[in-house]
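Visitor: I'm new to reading protein structures. Could you walk me through one, feature by feature?

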Amino acid sequence: MAVTVLIVEDEEKIGRFLELELLHEGYEVLKAVNGREGLEKAQSGRADLVVLDVMLPELNGFEVLRRLRKNSDIPVIMLTARDEVMDKVAGLDGGADDYMTKPFAIEELLARIRLVLKKRGGVGMAGADGRDKNQLKVGKLCMDVQRYEVSYDGKQVVLTHREFELLKVLLENKNIVISRDTLLEKVCGYDYMGETNIIDVYVRYLRSKLDDVYQVKIIQTVRGVGYCIKDES
Ligand code: CA
């Protein structure tokens, strides 16, 4: 049975983006655009997890969480604005399961949703379509998405968050060429405003940690298009 995620977010663009990504991952989606509606839907019993923005009209996210926790232990992931450390602390103290700082990479939010659901009782682990998304492999390269670990030939490879996310997108789309733009959106978030060659930089970092160390050629460059990881590489 599909896992239902309630998105409480007043910013239409972000709400829509989250909805599409979650639907793509096989989740059912409910939406609310203010705190009051969010609280009602969170209490309705129709959702399995709540993605709750902090800055909301009518009731803010912390107030929604506070009221919700009086009679519900539904998993909640808070969305806070950048660098609002106090928000994070208040969110976790208030009974949130996790938090994400905006702007965030959607892959990270999806990973955290899976992790929270796993901690809370093992639902939604393989995605609603039944594929095991926790282990990604090509050749001797293995990524454990749940544990956030990467190994090559059994030896652990330590990656930064964005290196991990980049590698994950390529592994999830094995044998498919992914454009720099798509990688940028998936790794850095849909509203990333920084350098566009950042993906090339992360690919270089990954190669220095994998290809150079193990004398292999894992990530293929497709000139003028983007990057690809092939099965036989
Ligand atoms: Ca908001």
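Visitor: Let's start with a spot in the chain: where is glutamine 215 found?

Guide: Glutamine 215 sits in the loop between α9 (211–214) and β11 (219–222). Keep in mind as we go that this is a predicted model.

Visitor: What is the phi of glutamine 215?

Guide: First the general idea: most residues other than glycine have a negative phi. Glutamine 215 has a positive phi of about 55°, although it is not a glycine.

Visitor: And is glutamine 215 buried or exposed?

Guide: Its relative accessibility is 68%, so glutamine 215 counts as exposed, since the cut-off for that is over 50%.

Visitor: Which phi does asparagine 175 have?

Guide: A positive one, of about 70°, and asparagine 175 is not a glycine either. Look for asparagine 175 in the loop between α6 (161–172) and β10 (178–179). With 44% relative accessibility, asparagine 175 counts as partly exposed.

Visitor: What about peptide bonds? Which residues does a cis peptide bond join here?

Guide: In general, most peptide bonds are trans. Here a cis bond links lysine 102 to proline 103, with omega at about -5°. Proline 103 belongs to the loop between β5 (98–101) and α5 (106–119).

Visitor: Now for the metal. Which residues are the protein donors of the calcium ion?

Guide: The donors here are Asp10 (OD), Glu11 (OE), Asp53 (OD) and Met55 (O), at 2.1 to 3.0 Å from the calcium ion. Along the sequence, their spacing reads D-E-x41-D-x1-M. Glutamate 11 lies in the loop between β1 (4–8) and α1 (12–24), and methionine 55 in the loop between β3 (49–53) and α3 (61–68), so this pair ties together parts that are 44 residues apart in sequence.

Visitor: How accessible are glutamate 11 and methionine 55?

Guide: Glutamate 11 is partly exposed, with a relative accessible area of 38%. Methionine 55, at 59% relative accessibility, counts as exposed.

Visitor: Which strands does β3 pair with?

Guide: To read a pairing, check the direction of the strands and then the residues that face each other. β1 and β3 run parallel and are joined by four bridges, with isoleucine 7 opposite valine 51. β3 also pairs in the parallel sense with β4 (residues 76–80), over four bridges. In β4, isoleucine 77 is the bridge partner of valine 51. From β3 the chain crosses through α3 to β4, and this β-α-β crossover is right-handed.

Visitor: Can we look at a helix residue too? What does the side chain of glutamate 108 make a polar contact with?

Guide: The side chain of arginine 112, at 2.4 Å. Glutamate 108 lies in helix α5, and at 15% relative accessibility it counts as buried. Leaving aside neighbours within four places in sequence, glutamate 108 is in contact with Met100, His161 and Glu165.

Visitor: Let's zoom out. How many helices and strands are in the protein?

Guide: The protein has nine helices and 12 strands. Of its 233 residues, 48% are buried. The accessible surface comes to about 11700 Å², and 48% of that belongs to carbon and sulfur atoms.

How values were computed: Residues numbered from 1 in each chain as written. Predicted model: local features only at pLDDT ≥ 70, side-chain atom pairs only at ≥ 80, totals over all residues. Heavy atoms only, no water. Donors = N, O, S within 2.8 Å, 3.2 Å for Na, K, Ca; no water. Helix = DSSP H or I, 4+ residues; strand = E, 2+ residues; numbered from the N terminus. Buried < 20%, exposed > 50% of the residue type's maximum accessible area, 1.4 Å probe, protein only. Polar contact = N/O pair within 3.5 Å; in protein donor to acceptor, adjacent residues only side chain to side chain. Contact = heavy atoms within 4.5 Å. Areas by Shrake-Rupley, 256 points an atom, 1.4 Å probe, with all protein chains shown as cover. Pairing = 2+ DSSP bridges. Right-handed = clockwise from strand over helix to strand, strands pointing away.
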